[in-house]
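Please look at the sequence and the 3D model below, and then read the report that goes with them.

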Amino acid sequence: MINPRDLHVCRDAIRHGSLSFYTASKLLPARVRDPALALYAFCRLADDAVDLHDEKTAAVLRLRDRLDLIYAGRPKEAAADRAFAAVVEDFDMPKALPDALLEGLAWDAMEKRYDTLSGVIDYSARVAAAVGAMMSVLTGVRNADAMARACDLGVAMQLTNISRDIGEDARAGRIYLPLDWMAEVGLEPEAFLADPLPDERVRGLTRRLLREADRLYRRSEAGISALPVSSRPGIFAARHVYAGIGGAIRRNGFDTISYRARTYRRQKLGWLLLATLRTGATVIGPQSAVLHAKPLPECAFLVDAAAQIPQSSGWSQRTGALLSALAELEARDRYAPSTAPAE
């Protein structure tokens, strides 16, 4: 059980740090909402620890240690760690899922770029689809088909986030757009970083990425009908609230360099109502055959891990990739020039 004081801290962290999820969570039943807030608070802590600190390598390695302590039953004395440790114990959360998130954050620390859309989805699988898979576990659903659709939703959300943050990321020296897409329109990455402008090429790439997100939002809906009825409104709400960010980007002419797309309270209330209405339709309507579509290849290892499919060769390969990424970060940290003043 999550300590009520720790849950209060997690709730505040999400209310101020991830308003879209906090809004959607209001429609989840308490037995799912409370652990979901703890889960998102730990993921937010992990993301901020890397994004908001200059020493990103050290931040990832500290997170690795914190995660190991959580799974050893000895969480660090911090509300988010203790709350997530309770979630891990209560729901038998496979460590492969937060490990995937850790690998994605390690890629951020390396300032990795992605040659193709598949590479961007690889990254999105780790930092977002892994969270979607963990959310499915919290609802009590480990069915592989439903898990695949939860991963679709996570990737769609991340592609929306990438579209929204193109300008912000560029000013921080980061690019998440597929490099082959940039090459197709004659956009040289270093020139773009030096002077990010919302020209037609960038707007076209933003539009293209949002089309991919929309395709996955639609595909993800089939999985919602596989969830307990009480959990469906909250997941529908998350789907519409995040897709609403894409709508705001469209209204800004696909310019996410001059403007940061935002949604408003009245819109969120409308999406909550829509989520409730759509839940009623899933109760009486037939189940979509899309539910049984294969998972995205980049997310298959998450589906296997969350559904607890034994002997997953995909996950063993990914475990090796995580260890390799962490070893590279440790080597960078060990041999980085000291910034301490000479005596």
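The report covers aromatic rings, cysteines and helix packing.

This is a predicted model, in which local features need pLDDT of at least 70 and side-chain atom pairs count only at pLDDT 80 or more, while totals for chains, interfaces and linings use all residues. Residues are numbered from 1 along each chain as its sequence is written, and side-chain values use heavy atoms, with hydrogens and water left out.

**Aromatic rings**

A search of the whole structure finds 5 aromatic pairs, where rings of Phe, Tyr and Trp (its six-membered ring) pair if their centres lie within 6.5 Å. Planes under 30 degrees apart count as stacked, over 60 as edge-to-face and the rest as tilted. The ring centres of tryptophan 107 and tyrosine 114 are 6.1 Å apart and their planes stand at 45°, so this pair is tilted. Tryptophan 107 and tyrosine 114 are both buried, a word that means under 20% relative accessible area, with exposed being over 50% and partly exposed in between (1.4 Å probe, protein chains only). Ring pairs also link Trp107, Tyr114, Tyr123 and Tyr176 into a cluster.

Two lysines sit over rings, as the table shows; for this, NZ of Lys or CZ of Arg must be within 6 Å of the ring centre and within 35 degrees of the ring normal.

| Lysine | Ring | Distance to ring centre |
|---|---|---|
| Lysine 95 | Tyrosine 71 | 5.9 Å |
| Lysine 112 | Tryptophan 107 | 3.7 Å |

**Cysteines**

A disulfide is a covalent bond between the sulfur atoms of two cysteines, and here it is counted when a pair of cysteine sulfur atoms lies within 2.5 Å. How many disulfides does the structure hold? The structure holds 0 disulfides. The cysteine sulfur closest to that of cysteine 43 belongs to cysteine 10 and is 11 Å away, which is too far for a bond. Cysteine 299 is likewise in no disulfide, the nearest cysteine sulfur being that of cysteine 151, 4.7 Å away. Cysteine 43 is buried, with a relative accessible area of 11%, and cysteine 299 is buried with a relative accessible area of 0%.

**Helix packing**

Helices (H or I, at least four residues) and strands (E, at least two) are DSSP runs, numbered from the N terminus. Axes are lines fitted to C-alpha atoms, for helices over the stretch in contact, and angles run from 0 to 180 degrees between N-to-C directions. Helix 3 (residues 30–51) packs with helix 7 (residues 117–138) at an angle of about 155°, their axes being 10 Å apart. Helix 3 and helix 7 are therefore roughly antiparallel, since angles under 35 degrees count as roughly parallel, over 145 as roughly antiparallel, 65 to 115 as roughly perpendicular and the rest as oblique.
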